[in-house]
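Here is a short report on selected features of one model. Look at the structure first, then read on.

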Amino acid sequence: MKQNLSSAYSVHRAFEGSAVLITGATGYLGSLVLEQLLRLGHIRKAYLLMRRSSGHSEKQRLNLLLSTPIFRLHNLKQIVHRLEIIPGDLKQPDCGISHADQAKLVSGVQYIVHSAASIRFDNDIHTDIALSYVAMKSLAELARKIHGLRCFMYVSTAYANAHSDLVTGDVATMEQLYPLRNAIGLSLDHASVVELLLGLPPAEAQLEVVAIAGRHSSQQNNYGFCKNLTEQLIGSYHLQPFPVCINRPVGIGAVAKSPCPGYVGNSAATGVILSLACGVGTLQSHDAELPQPLVPGDMAASIILASMASAVEGCSCMESPYVTHACAMARHPVPFGEFVEHICKYFRDDPCTVFQFGDGNCDVRWTKDMSEYDRWRDTENDRIKQLNEELLELEQFKSANMVLTAWKVWLMYSDSRLLMGSTILDDSKVQRLVSNLEDKEKESLMLRFTLEDTGVTWSQYIRASCAGAKQLYMHEEPKNYRLEWYRTQEGLQSRL
């Protein structure tokens, strides 16, 4: 690949008139990537790999996607012809794509964005391997057949490297690959690890994961472990024959600027807001001064597009896969305690009424005594379980699901023994993306979240996020905050 590291790159120029295959386009980040490709990249066609889900056909899922406020800036009748559904399933051989559709992709696609992922953190290791590693293998083999594929983007996670000995709290995780290592420090072959784990019964495979991860960090979970293996896998395809980019976002928060400030998706950051709003999150054992691991959704999407554009236009060194971190905390951190207090303050002023499972005070106690935390957790776990059962008996299914979901998220974010935001992430490559982007595109692409760049403070951003969560997940209109983009679902669907 020809490199021109001193020249400016352009997202518009790199993507204009191209065709992109996207997995996970109906997910939160994938939908933001699709929206920016249509609005800023001016792509010719987006092929959307979709499967039937929750009783909805692929076409119904697309209509639901386009009816969200994310696409409010578009004339939907004009963009529908640029979208084509490719029925498939990443868990199936050949991604479940028909021979006819494979032929269409092989001859017509220039980019792949693989953003589909399970966002569950309690899957067994065999399930996570199937959803992450095996699915990637099928997609990468399809990509290898595509004539003239310019770039393959894999959306990973900032927590793919919790195992690394370098992650000590005072040494940054760099934007590079970190292979797993054996007991004497030698790199483990990703394919051999997967073969070993799949050859064992699930319980024994889990013990092996614990043994491997335990050599590095007790904080590595199955999700991050499999993401790491998958990074190694797709990294092995780099320039064989297509260039590979990998993006590692931290927790993805609400949209900060465009197309709909305050719009939130199904993410851990939204889960924290809901946990506090509905009275489930009341005790916290993390250090309040830790930076909150958060990135606005539109910033994460812009970094993905900018990384790909920079790579294909030769403005990034591509001797190895081009890895970037998407994290606002690297340059403009907000302490976790401040993040929590902003949320609590919002819901003290504008409490939720339907999904309220606590005392309504929206207060959080902080402790470093893990014995106290464990006692609280066990007591609260019994209360949540009983409450869930009572709500199910009353056929209040949405409330029953809300309380369980909020509780699971808070457990993950309140136990200081579990991975959160203590990892320091280097984002030097992203800063170069900011510097090298053509000036005329710096206003439309959000590659940094600072007051100077966006005109938005953390306080304003978190307040908008709370309003969006209340409107979209609690179905209550915010009392003291107007969401300019909000329309009824029926009104949006009428635009199709």
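## A covered strand

I22 stands opposite L48 in strand 2. Strand 2 spans residues 45-50. Strand 1 (residues 19-23) runs parallel to strand 2, and five bridges join them. Strands (E, at least two residues) and helices (H or I, at least four) are DSSP runs, numbered from the N terminus. Two strands pair if DSSP finds at least two bridges between them.

The model is predicted: local features need pLDDT of at least 70, side-chain atom pairs count only at pLDDT 80 or more, and totals for chains, interfaces and linings use all residues. Residues are numbered from 1 along each chain as its sequence is written, and side-chain values use heavy atoms, leaving out hydrogens and water.

In a regular strand the side chains alternate between the two faces of the sheet. Both faces of strand 2 are covered. K45, Y47 and L49 are buried on one side. A46, L48 and M50 are buried on the other. Buried means under 20% relative accessible area, exposed over 50%, and partly exposed in between (1.4 Å probe, protein chains only).

Most residues other than glycine have a negative phi, and most peptide bonds are trans. C362 has a positive phi, near 55°. C362 counts as buried, at 9% relative accessibility. H475 also has a phi near 55°, but H475 is exposed, at 54%.

A cis peptide bond joins Q240 and P241, with omega about 10°. Another cis bond joins S258 and P259, with omega about 15°.
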